[in-house]
Amino acid sequence: MAAVTADQTTQGTAGTTDDADAERLAAFDAAVAADDRIEPRDWMPDAYRASLIRQMAQHAHSEIIGMQPEANWITRAPSLRRKAILMAKVQDEAGHGLYLYSAAETLGASREELLDKLHAGRQRYSSIFNYPTLTWADVGAIGWLVDGAAITNQVPLCRCSYGPYARAMVRVCKEESFHQRQGYELLLALSRGTPAQHEMAQDAVNRWWWPSLMMFGPPDDSSAHSAQSMAWKIKRHSNDELRRRFVDICVPQAEALGLTLPDPDIRWNEELGQHDYGAIDWTEFQEVLKGNGPCNEQRLTQRRTAHEEGAWVRDAAAAYAEKHAARPGSAGAAAQPVEATA
Ligand code: BYC
């Protein structure tokens, strides 16, 4: 971004504070208008920084909490192939969390601070992960619908105005695309399997469809942050625009899967050139956000326990890094691997 850097602004670039603020803001607005990227060392309004931290933290938390419902099925995957695929997918989600926490660190929010807020219930994670995975078909439905919704939402985030977030999204979207296909392929196998398997796939789609639509957030007329986030080009499309795009993508895919979307009101709207869909139960969404979903308590408890039980790993990694940093001549250099001797 060819704007004013944070260093320049602290030294002062104009005669008065008001003039300096106006100049920085004008440079920031011009960069956003020109579709330039805002980078960590660039000056940015406090509210822009806070809103990015809010959204990126929620996104990072969703990735790591999102490991739980699927990890629930790793030990019960029906074949070695399915188990290996599922383990790789769940591991990818951990990686996505790490990219996002790192990207949030560039805004001055440490991973420890964000995790503390998650554990204290002061930051959100996606509503979708408060639903249970009752059968093996749920792994397929999550891949197809939840990862499908995530891609629909996240591909435009690759053009987000904040550089580190946008770049993290490029890799995340490539991996989500693999996740979506594995879910689709799993559901296809079940749908074409025995009548009981077909029924299991249909039941999973029935339970995950509506919560997947809720992932896009409240309707535009009650979305608190959309207008400002779109003006800052953090978000490129509104919640309802992306939700409708997702329905358009899913309708032909459901047909190809031989499964039915549980909404009798889905129909093609000639005028819009898109599908209409039925009413979403926003009361359920609000209840889940308030902590009253079927699994809210379980998810947070498990997350807190995993964090506490992992303390020794963090301590060991910190001690190892300290030991190597203290070695003569190693100032900041990465430890060299040592070849084992017989
Ligand atoms: N769940 O003004 P709005 C994944 C909150 S992980 C919970 O429209 P915004 C995966 C919202 O935070 C995918 N809360 O907000 C992982 C706000 O509350 P606060 C996760 C929600 O930010 C593992 C309030 O409602 N993806 O794919 O403009 C395995 C008002 O909403 C939700 C992301 O996080 C919700 N669904 O728009 C498999 C994508 N919706 O903060 C898969 C990045 C809204 O004022 N995030 N709220 O307390 C976004 O794109 C946006 O943050 C949202 C919401 C579209 C989600």
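A residue counts as buried when its relative accessible area is under 20%, as exposed when that area is over 50%, and as partly exposed in between, with a 1.4 Å probe and protein chains only. The legends below describe a predicted model, in which local features need pLDDT of at least 70 and side-chain atom pairs count only at pLDDT 80 or more, while totals for chains, interfaces and linings use all residues. Residues are numbered from 1 along each chain as its sequence is written, and side-chain values use heavy atoms, with hydrogens and water left out.

**View 1. Asp35 in a loop.** Asp35 belongs to the loop between α2 (17-33) and α3, where helices (H or I, at least four residues) and strands (E, at least two) are DSSP runs numbered from the N terminus. Its phi is near 65°, a positive value in a residue other than glycine. Most residues other than glycine have a negative phi. Asp35 counts as partly exposed because its relative accessibility is 45%.

**View 2. Lys233 in a loop.** Lys233 is found in the loop between α10 (226-231) and α11 (239-257), and it has a positive phi of about 60° although it is not a glycine. Lys233 is buried because its relative accessible area is 18%.

**View 3. The shell around the ligand.** The ligand is surrounded by 36 residues, and the closest are Gln58, Ser223, His225, Lys235 and Asn239; a residue is near a molecule if one of its heavy atoms lies within 4 Å of it. The shell divides into 13 nonpolar, 14 polar and nine charged residues, where Ala, Val, Leu, Ile, Met, Phe, Trp, Tyr, Cys and Pro count as nonpolar, Asp, Glu, Lys and Arg as charged, and the others, Gly among them, as polar. Helix α3 gives the most to this shell, with six residues.

**View 4. His119 and His61.** His119 lies in helix α6 (residues 111-119), and it counts as buried because its relative accessibility is 12%. Although His119 and His61 are 58 residues apart in sequence, they are 9.9 Å apart in space, C-alpha to C-alpha.
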